[in-house]
Every structure is written in structure tokens, then in C-alpha cells.
Amino acid sequence: MAVPTDVIPRRPTLLFIVVLSLLFVLMSFSSQTRYIGETRTMFERTVMTVFSPVPKFVNWIGGTAQDMHHGYLDMRRAVNENLELRRKVASLTTENLKLRQSEGDLKRLRALLAYSEQFDMQTSMAQTIMLDTAGRFKSIIIDQGSGDGVQVNDVIANANGLIGRVVLTTDDLAKVQLVTDNNSAVGTLVERTRRQGVLRGNGSTSVQLFDIPALADVQPGDRVLTAGIDGIYPRGIPIGTIVRAEPGQSLFKNIVVKPSVDFGTIEEVIVIHTRKISPAIVRYAP
Amino acid sequence: MRWLRFAIGLLIALTLHSLLDSFYPNALAFFNPYIILVAYYSMGGNILGAILAGVLAGFVQDAFSNAMFGLHAFSLTVCAYVVAYINSRLSLRGTLAFGACLGGAVIVNELVIYVLVNILVRQRIEMFEQTVLVKTIFTLLFGMLVYQLLTLFLREEPIEATRQRSAW
């Protein structure tokens, strides 16, 4: 355990005392200069300069680690915000679609309402629930029937024009024959010349106007309205526009009318409860 | 090689100092990494080397602290001398012996600083006893942990790595 005394160094003790004395002087000097503004001796500065890369490096590492940590936190926050915003975008998009739909509905309904107010007959609104405009027999089903006051031969129209007439009712539904149906016939007049004729469906998307003499002044672009002479359709409902008017082989013209209603997009309709003419009067033969 | 190890140790101590300063500014009031280095290095029993180590480590600590320049150099030199002197007479080995030397060194270090501050600056150090106690405990625990790690990584007794092969 004990170390031989001959190897114990003696001179280091002297050195120790010298070093301590020097350090004491240095400290005294340092403590004095500290109060006169010169807080750092040159020796102190030198030591700081020599070892300064270490704290700088540590500081850089710490700063970088903090930046990365904050960057990671920011990224997480951004990801969460992104998800939240995506959810909001989806929600707002849905809401926007609903509002647009509502706006469209409102416009249509306002137009329908304004249109229906021009009739002196009683009207009601109905919703189309089935459309059969592509088949041979063109018809639609509306959600109001005899229970709602809808009767056979009530006229169906919308803001664009005439759609057809009711041909069958149940308690809560009604079937409407479109003007484009083969069996449909409407008394009409050409708005510009007041020339009357009969409009018949031909099973396609257009209709034909009959009984217009070959010499009559009828041209493409003329608007065609209901004439109010058939005992079903009231006067003045727009039907469509003449797209072709050619001289036929007989005494009458071949006239094709493009309906003003797009039958593929019918939604709300107006039911015009027309004044019904007694069958006895219709069938009366003097 | 011994001085290379000391230099690395000094850099590590300074790194710890900087880290603690940056993230836990009050931590250095309870823990002193330089004294662990000096105590460890002085246990080799080489008094001259210990004095040099104490001065160097003290200067570095002084340069990066706000104390009078030379204060820690002085106190660490005293500690280094005491530990080296004891180890030049008694060949101490093992973690407990290191712990005892380190604990004593921490107390001596704090006492020297207390006396010097009182003499030179005429300032009273607040809560001196409590600070010494806490600093001794934390520095001792950390120092012994480091010593244990060194025992695992060095093939020889860690103190032997600091011992000069022939007496100076």
C-alpha cells in the first residue's frame, strides 16, 4: 500500500506553491480589472478563443436539434391542420353543393311561381317522380293525384312552356301525357301571324304542326302558343319554336316545332286546374 | 497518451458545461464535471501532472464562467495536488476509493472557492453548506458512474491509465 519515500517527488510541492501564487496574483488582477470595466484579461481571452469551438459546436448542435424538434412539431401541426382543413373543405364543398342545389331550386320555384301567377285559373305545384320520355309513349308521373285536386285533363306546364296534360290519376299520383307523345294533340296558334293549327307528337323530341295551309305566312323561328280552342289547354302557353316549315305534297305545310321544354330535365311542374267542358257539349252534334 | 486522454476529457467536460449552460443554466451549481476529470487524473499520483491538469481545467472553467479568472484554476489545482499527494503515498484503487477522493476534492474545491471569494471580493456565498452537500452528492454519483463505465471500457484499472510509469 505504502509507496517508498525516495520516489515521492519534492520539487512539485515548490512548483505547486509557485503556481498557486501566480494564480492568486492573476485572480487579484482579474478581480480588480473587473471593477474598472476591463472584465477580461488577454490570457482569459486567449483561453476562451482556443476552446471556443466547443461551446459553439455544442450550441450549434443544440440549435440544430431544437430546430429539428420544432420543425418536427411544426410539421405534425401542419399535417394535423392539413387534415382538419381537408375535412373542412369536404364539408364546405358538400354545403356549397347543397346551397347551389337550393339556389337552383329557388330560382326554378320562383320562376314557376311567377309563371303560375299569370293564370287566372287555380294552380298547384307538383314534383316529377318518374320520367318516361325516351319510350314510345311519352309520359311523366307527378306526385299529386286526385286526392290533391288533380283531375284528368288538367294541364301541366313549367316556366319554359307546355308539358302536357293529365291522362290518369290515382289518389296521390297522376300520369301526364307529354305533347311529344304520338297520341297528343294541341290546338295552337303561331304567335306572329295568329294562324291556328293542331300540334301532334311524333314520338321523337320534336312535334309537328298540322293544318297550316301551304300559303300561310309561317316561318322558322316563329313561336307557337296554345290557342285555347281545344277545351283542354288554356290560351297563351308557349309550346315551342318552328324549326322547319316546308310546303307539303298536299294543301298544307310540313312544319316541325321544337318544344321549348326540355323534357329530360323536368323537376317541378305547375298543375293548371282548367275549367272542364262538359262531355255533353263536346259531343253535341246539331 | 495520458495527455491525449486528459485533453479528450477536458473537451467532454467543456461540452457538458456548455450543454448544461444552454439547457439547464442552474445545473452547474449542483454539478462540476471539471473536478471529476481532475480528481480522476490526479489519482495517478503524478503531482506535477496533476497540478498541470488542475491549472488547465481550471482555466477552461474560468474562461467560460463569470468568476474571477483564475479562481477555479486555483481551487482545482489545490484539489489536484491534494488528491495526487495522497495517491503518491497510498496506492488507491477501485470505484469506492475514487469516490472518496472525488468527494473530498469537491468539498476542498468549494471550501477554497469560499475562502478566496471572501478574501478577494468580500462576498458572502449564499446557502454554502447546502450547495456543497448537493454538489458533492451529484458530482460523486456522476463521477462514480463515469468511473464504472471507464472500468468497463478500459482493459486495465482506470487509475492505472493515469499513472506515470516511472516516478517524476
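**Notes on the structure**

1. The axes of helix 2 (residues 33-42) of chain B and helix 3 (residues 47-63) of chain B come within 9 Å and cross at roughly 170°. The model under review is a predicted one. Since angles over 145 degrees count as roughly antiparallel, helix 2 of chain B and helix 3 of chain B are therefore described as roughly antiparallel to each other.

2. Which residues bring helix 2 of chain B and helix 3 of chain B together? From helix 2 of chain B come Tyr34(B), Leu37(B), Val38(B), Tyr41(B) and Ser42(B). They meet Ala50(B), Ala53(B), Gly54(B), Ala57(B) and Gln61(B) in helix 3 of chain B. By class, the residues of this contact comprise 7 nonpolar, 3 polar and no charged.

3. Between the two chains, 29 residues of chain A are in contact with 33 residues of chain B. On the side of chain A that touches chain B, the elements giving two or more residues are helix 1 (11-33), helix 2 (42-51) and helix 3 of chain A. Helix 1 of chain A gives the most, with 12 residues. The residues of this side of chain A divide into 21 nonpolar, 6 polar and 2 charged.

4. Chain A also holds a closed barrel of 6 strands, which runs 1-2-5-4-3-12 with antiparallel pairing. On average, and with direction ignored, neighbouring strands of this sheet are turned by 45° against each other. Helix 3 (residues 53-116) of chain A packs on the sheet, where it touches strand 1 (122-132), strand 3 (155-158) and strand 12 (268-273) of chain A. The direction of helix 3 of chain A makes about 15° with that of strand 12 of chain A.

5. Strand 2 (residues 139-142) of chain A and strand 5 (residues 174-178) of chain A pair in the antiparallel sense over 4 bridges. Within strand 5 of chain A, Val176(A) is the bridge partner of Ile140(A).

6. Two loop residues of chain A deserve a check of their backbone angles. Most residues other than glycine have a negative phi. Asn153(A), in the loop between strand 2 and strand 3 of chain A, has a positive phi of about 80° although it is not a glycine. Arg194(A), in the loop between strand 6 (185-190) and strand 7 (196-201) of chain A, has a positive phi near 60°.

7. Are these two residues buried or exposed? Asn153(A) is partly exposed, because 15 other C-beta atoms lie within 10 Å. Arg194(A) counts as exposed, because it has 9 C-beta neighbours inside 10 Å.

Conventions:
Residues numbered from 1 in each chain as written. Chains lettered and ligands numbered in written order. Predicted model: local features only at pLDDT ≥ 70, side-chain atom pairs only at ≥ 80, totals over all residues. Pairing = 2+ DSSP bridges. Axes fitted to C-alpha atoms, helices over the stretch in contact; angles between N-to-C directions. Contact = placed C-beta atoms within 7 Å. Parallel < 35°, antiparallel > 145°, perpendicular 65-115°, else oblique. Nonpolar A, V, L, I, M, F, W, Y, C, P; charged D, E, K, R; others polar. Buried ≥ 20, exposed ≤ 12 C-beta atoms within 10 Å, placed from the backbone.
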